[in-house]
Structure formats: structure tokens, C-alpha cells
Amino acid sequence: MGSFIYSNGLNVRVDSYCLSSCANYVFTAGSVKYVSSNALIAFHGGATSKSIMNDTLLEKVPISERKKLIDKYTSNKKKLVITEEEFFDLIGVQQKITTLGETNRCLPLWEAKYAGWLYTKSSLSKLGVKNIVVNGGKWEPMESLNELKFFRIREEHVILKLAGHPC
């Protein structure tokens with residue numbers, strides 16, 4: 001869907017929230033991204049995430065099926081990573097946008113109490129997400145949605161990470 005949005009020069013509008021794949025691929029692909037002043041754009045991983053196949057998921061699968069599931073996941077993951085790399089190259093956005101919150105030692109351990117993370121407008125710009133227009137003034141995204149909590153990644157953390165700093 002993101003490739004379709006980008007290739008057709010479509011704009012994206014977020015009045016309330018855009019999470020997960022919506023944030024990764026739909027929002028980033030929009031020609032102009034219109035957001036309300038408190039719209040939440042939140043990320044929690046992508047194809048290169050380390051935590052997609054976890055022990056909790058595997059515990060629910062019969063032992064006799066686990067190897068098949070792991071093999072299938074490994075095979076599909078390689079294809080997904082390539083597809084995701086090509087997509088982000090096409091739209092000019094850093095693929096790290098999908099994993100920065102889970103790999104940054106200077107930020108909260110997001111898995112413990114957060115459902116994911118959000119970026120400031122300037123952080124998104126550093127990652128290649130341009131043309132964000134805020135409807136209704138300054139963009140101050142909500143940091144929770146129902147029981148889900150998200151932490152904010154600021155520009156200085158993005159700059160450090162893109163420069164190769166372990167933080």
C-alpha cells in the first residue's frame with residue numbers, strides 16, 4: 001500500500017492515530033502528510049526487528065510444528081527485509097525509523113511498559129519524512145491511546161543514532 005501511495009503521489013491525513021504498519025508504510029509514503037495537532041503516529045518495529053518471533057509465540061505452537069514455523073519465518077523474513085529496504089530506498093526514508101526505539105540504549109526499555117514510540121516532527125525530518133503539515137497549530141501528539149503508552153524520540157537521539165553512536 002505504501003508503494004502505491006508513493007507512486008501515485010497521494011497525500012495522507014491523520015486526524016487521530018496511525019500505528020504500526022500505518023506509520024511505517026502509509027504515513028511515510030504520503031506526498032504531504034496532514035496531521036491534527038494531537039495525532040499519534042507511533043512505531044513499534046519492522047522487518048528488521050529482532051523481537052518478531054519470540055518465545056511467548058513459540059510456546060503456543062506444538063513442539064512438532066515449531067521447527068517448520070521457525071524455518072518458514074526465517075525464509076519469509078529475508079524476503080520481507082528486502083522488500084522493506086527497497087520501499088524505504090524508493091521513498092527516501094531511513095529504514096531505521098521502524099527500529100530506532102527498540103535499539104537505542106539511551107531511551108526507555110520500550111518492551112517493558114510501552115507499546116512503541118513516536119517521533120517529533122524534526123526527528124521525522126532527520127529520518128527522511130518530509131512535508132508534514134499540522135492542522136490546528138503546533139503538533140503535540142498524544143502519548144497514549146487507551147491502555148497503550150508510547151515514548152517520544154527527540155531529534156538529538158536520532159542524530160546520535162544515525163551518526164553510529166551506541167546511544
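Trainee: What is the volume of the largest pocket?

Mentor: This is a predicted model, in which local features need pLDDT of at least 70, side-chain atom pairs count only at pLDDT 80 or more, and totals for chains, interfaces and linings use all residues. Residues are numbered from 1 along each chain as its sequence is written, and side-chain values use heavy atoms, with hydrogens and water left out. A pocket is an open set of points, on a 1 Å grid over the protein atoms alone, where a 1.4 Å probe fits and protein lies on both sides within 12 Å along at least five of seven lines. With points joined across faces, edges and corners, and volume taken as the space filled by probe spheres set on them, the largest pocket comes to about 230 Å³.

Trainee: Which lining residues are the closest to the centre of the largest pocket?

Mentor: Lining residues are those with an atom within 4 Å of a point. The largest pocket has 14 of them, and the closest to its centre are Ser 3, Tyr 25, Thr 83, Glu 84 and Phe 87.

Trainee: Which element provides the largest share of the lining of the largest pocket?

Mentor: Helices (H or I, at least four residues) and strands (E, at least two) are DSSP runs, numbered from the N terminus. Two or more lining residues come from each of α1 (2-7), α2 (21-29) and α4 (63-91). The largest share, six residues, is that of α4.

Trainee: Against which elements do the buried residues of α4 pack?

Mentor: Buried means a relative accessible area under 20%, exposed means over 50%, and partly exposed lies in between, for a 1.4 Å probe and protein chains only. In α4, the buried residues are Val 81, Glu 84, Phe 87, Phe 88 and Ile 91. They pack against α1 and α2.

Trainee: Is Phe 87 buried or exposed?

Mentor: Phe 87 lies in helix α4. Contact means heavy atoms within 4.5 Å, and beyond its neighbours within four places in sequence Phe 87 is in contact with Gly 2, Ser 3, Asn 24, Tyr 25, Thr 28 and Ala 29. Because its relative accessibility is 7%, Phe 87 counts as buried.

Trainee: Which residue follows α4?

Mentor: The residue has a positive phi, near 75 degrees. Its name is Gly 92.

Trainee: What is the relative accessible area of Cys 18?

Mentor: Cys 18 is found in strand β2. Leaving out residues up to four places away in sequence, Cys 18 touches Ala 23, Phe 27, Leu 40, Ile 41 and Ala 42. Its C-alpha atom is 6.2 Å from that of Leu 40, 22 residues away along the chain. Cys 18 is buried, because its relative accessible area is 1%.

Trainee: How does Ser 37 count by relative accessibility?

Mentor: Ser 37 lies in the loop between β3 (33-36) and β4 (40-43). Not counting residues up to four places away in sequence, Ser 37 touches Val 134, Asn 135, Gly 136, Lys 138, Trp 139, Glu 140 and Pro 141. Val 14, 23 residues from Ser 37 in sequence, is 9.8 Å away, C-alpha to C-alpha. At 25% relative accessibility, Ser 37 counts as partly exposed.

Trainee: Is Arg 13 buried or exposed?

Mentor: Arg 13 belongs to strand β1 (residues 12-14). Arg 13 and Val 35 are 22 residues apart in sequence and 5.8 Å apart in space, C-alpha to C-alpha. Because its relative accessible area is 60%, Arg 13 is exposed.

Trainee: What value has phi of Ser 20?

Mentor: Ser 20 is in the loop between β2 (17-19) and α2, and is partly exposed at a relative accessible area of 26%. Its phi is positive although the residue is other than glycine, with a value near 60 degrees.

Trainee: What value has the phi of Asn 146?

Mentor: Asn 146 sits in the loop between β7 (144-145) and β8 (148-153), and it counts as exposed at 70% relative accessibility. Although Asn 146 is not a glycine, its phi is positive, at about 55 degrees.

Trainee: What share of the residues of the chain count as buried?

Mentor: The chain has eight helices and eight strands. Among its contacts with a separation of 6 or more, 65% join residues 24 or more positions apart. Of its 167 residues, the share that counts as buried is 40%.
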